[in-house]
Amino acid sequence: MENTVKNIYIGTCPNCRKGKVFKEKGGFFKLKLPKMHEKCTVCDYKFEKEPGYFYGAMYVSYMLTVGEAIGLYLLLSYVFQFGDNFQIFLMIAVAMIGLSFFNMRISRIIWMYLFKI
Ligand SMILES: [Zn+2]
């Protein structure tokens, strides 16, 4: 389980756990969406099994976003002890935009691992 979390974070192939899933990580500041390899460069495992396979990853992404927002809210309200929720809300909104690229990448990997475990 610990290794799986690490592999998901690094973005290795769910089949052999050696090849990389993404060619480019992309990033908010580079204004680039992450690009995937079609197949694993090591074991030839096909990542997108069928067209639309990754639609389900949106649910994973959604859950991640909600989880991160709740975590951030708890953290920020603890650290800053604001009585004003609006400031916290703004900070979370900014953080979520930055995290959206990360979420997109990680949710696809989690989605593939869900069917492999
Ligand atoms: Zn592989």
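This dialogue walks through a predicted model of one chain.

Reader: Which elements does the chain have, and how do they run from the N terminus?

Author: Begin with the elements, then their order. The chain has three helices and two strands. They run α-β-β-α-α from the N terminus on.

Reader: What does the C-alpha trace span along its principal axes?

Author: About 55 × 30 × 20 Å. Of the 117 residues, 32% count as buried.

Reader: How do I read a residue as buried, partly exposed or exposed?

Author: Look at relative accessible area. Under 20% is buried, over 50% is exposed, and values in between are partly exposed. Take Tyr-73, in helix H2. Its relative accessible area is 33%, so Tyr-73 is partly exposed.

Reader: Which residues form the nonpolar patch on the surface?

Author: Tyr-73 is one of them, along with Tyr-62, Met-63, Val-66, Ile-70 and Leu-74. Together they have about 630 Å² of accessible area.

Reader: Which residues form the positive surface patch?

Author: Four lysines: Lys-39, Lys-46, Lys-49 and Lys-116. Lys-46 lies in the loop between strand S2 (35-36) and helix H2 (57-80). Why does Lys-46 count as partly exposed? Because its relative accessibility is 39%.

Reader: Where is Arg-105 found, and is Arg-105 buried or exposed?

Author: Arg-105 sits in helix H3, residues 85-114. Arg-105 is buried, yet has no salt bridge. The nearest side chain of opposite charge is Glu-68, 10 Å away.

Reader: What is Arg-105 in contact with, beyond its neighbours within four places in sequence?

Author: Tyr-9, Phe-22, Lys-25 and Pro-34.

Notes: Residues numbered from 1 in each chain as written. Predicted model: local features only at pLDDT ≥ 70, side-chain atom pairs only at ≥ 80, totals over all residues. Heavy atoms only, no water. Patch = residues over 30% accessible without salt bridge, like charges linked within 9 Å, V, L, I, M, F, W, Y side chains within 5 Å. Areas by Shrake-Rupley, 256 points an atom, 1.4 Å probe, with all protein chains shown as cover. Lys, Arg positive; Asp, Glu negative; His and termini not counted. Charge placed at Lys NZ, Arg CZ, Asp CG, Glu CD. Helix = DSSP H or I, 4+ residues; strand = E, 2+ residues; numbered from the N terminus. Buried < 20%, exposed > 50% of the residue type's maximum accessible area, 1.4 Å probe, protein only. Contact = heavy atoms within 4.5 Å.
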